[in-house]
Amino acid sequence: MSNIVATNGLRFIIFVLIQVLVLKGIDIGGANFNYISIIIYPLFIILLPLRTPHSILVLLGFLLGMCIDIFYDSYGIHASASVFSGYIRPYVLRLFAPKGGYNLNYSPVANRYGFNWFIAYAATMLFLHLFFYFSVDAFTFYYISDIALRTISTFIISLLIIIVYQVIFNPKE
Amino acid sequence: MRNLIFLFVKHGGTVTFVLMELLCLYLVVETNTEQGAIYTNSFSVISSAINNRATKAKEHFYMSEVADSLARENAALLQERDNAQFIKTVFKDSLLDLDTEQLYTFTAAKVVSNSVKLNNNSMTINRGTNHGIRPSMGIVSAGSNSVVGIVKSCSKNYSRILPILHSQSKISASIKRNGYFGGLIWRGGDPTVANLIDIPKHANLIIGDTIQTSGYSTIFPEGIMVGIIDTFWTQPGTNFYEIKVDLRSDLGKIKYVYVVENLKWRELEDLEKEVSNE
């Protein structure tokens, strides 16, 4: 039990640090095409244990988002997207439920449910998170094509990073 | 309290989600200049839209008052027109200086009951003897300024109208272009058409000609519109045309009317009685 808490706590710190210290500084499109950023911190929510209560998911999402926001200097924007991700996680999981259902003692990892399953689940979560984030960032649906472009370009590159992470570390918990 | 806790256990995620999103929204709007500006702007757009709606709704309630005052004003204007005046000048020499006095007055009234579907239709207005209305005054529609009917009987505050859509109604009407006149009757059925009978066969008729009141009675001033010629034919065995007239006033949706009073009706009636007694 304490093992799971420690793993996730460590993951929380590492993801936040990677996001704000490394990925925040990477500028892919340059000044002319600033539609691409790399966002991998939702992976923390994606990998939380299956038995995490719904409200705790939401609260952890808020905590994670606020930590990112402090460094991005955009209070509330990442937080609202993470809160949203925490809220929809049970519904997305239900969408990808395997035949026998989930074993609540485990985390939703590729090690348990397969690589393809994990990528589909993580991609859905990431996409919804990014769409929500860029919507709140624009704060209006007037620029919906702009939001879509940012979401899709960021989604592709972030998903690649997540796949790389999965292949290298293959988390057990 | 127990129910509240139960609710939280069951829907805790949703409750937390809503609370957290509200908190985030507050933070976004309060601390980010760009999003804050959009929020303030949208908020003022929405609030002004709501204010607009509210004003429109309020206006709707004042509408009937406005309509009443407009009807009164129109009645006053109709009285000023030439066909409502009695020309006092006697044409004795070539010098023409028109001297007129009021011949017709118009009183605004509201229709309180109405029918168009029967063979003998009826209508009631909210003016009666208390307002100077008496039987056999004319009724003119407010919107289109065209003939509606004749007052049949009055109580203190209400009057029954014999509309043109009644088998016993007969109104003297003429063709505006050449002056031939006849009687306007209604044979039942379609409430948008009536028949003009007794137009002599040698009259030159054109479809689309205007039919108006003839002025040969004490009821209507001359030139109040009735309708336009739709079709015409000769009654077999007679020397007269019968004309199908497209009525100008739509009695199916009439709301306001004017009661037309001829101020010299008694004088005219007495004179005509005298002639018929001889």
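In what order do the elements of chain A run from the N terminus on? I started there, keeping in mind that this is a predicted model. From the N terminus I read α-α-α-α-α-α-α for chain A. Its radius of gyration is 16 Å, close to the 16 Å of the globule rule for 173 residues, so I noted chain A as being as compact as a globular protein of that length. The count I wrote down is seven helices and zero strands.

Next I checked the box: the C-alpha atoms of chain A fill roughly 45 × 30 × 30 Å along the principal axes. Burial came out at 47% of the 173 residues. I also looked at contacts in chain A with a separation of 6 or more, and 71% of them are between residues 24 or more positions apart. Chain A exposes about 8300 Å², with 68% supplied by carbon and sulfur atoms. For charges, I got 9 positive and 6 negative in chain A, their mean positions 19 Å apart.

Then on to chain B, where I found three helices and 14 strands. The radius of gyration of chain B is 31 Å, well over the 19 Å that the globule rule gives for 278 residues, so I put chain B down as more spread out than a compact globule. Its C-alpha trace spans about 105 × 50 × 40 Å along the principal axes.

Buried residues are 37% of the 278 in chain B. The accessible surface of chain B is about 17000 Å², and 55% of that belongs to carbon and sulfur atoms. Last entry: chain B has 28 positive and 28 negative charges, with mean positions 9 Å apart.

Key
Residues numbered from 1 in each chain as written. Chains lettered and ligands numbered in written order. Predicted model: local features only at pLDDT ≥ 70, side-chain atom pairs only at ≥ 80, totals over all residues. Heavy atoms only, no water. Helix = DSSP H or I, 4+ residues; strand = E, 2+ residues; numbered from the N terminus. Rg over C-alpha atoms; globule rule 2.2 N^0.38 Å. Buried < 20%, exposed > 50% of the residue type's maximum accessible area, 1.4 Å probe, protein only. Contact = heavy atoms within 4.5 Å. Areas by Shrake-Rupley, 256 points an atom, 1.4 Å probe, with all protein chains shown as cover. Lys, Arg positive; Asp, Glu negative; His and termini not counted. Charge placed at Lys NZ, Arg CZ, Asp CG, Glu CD.
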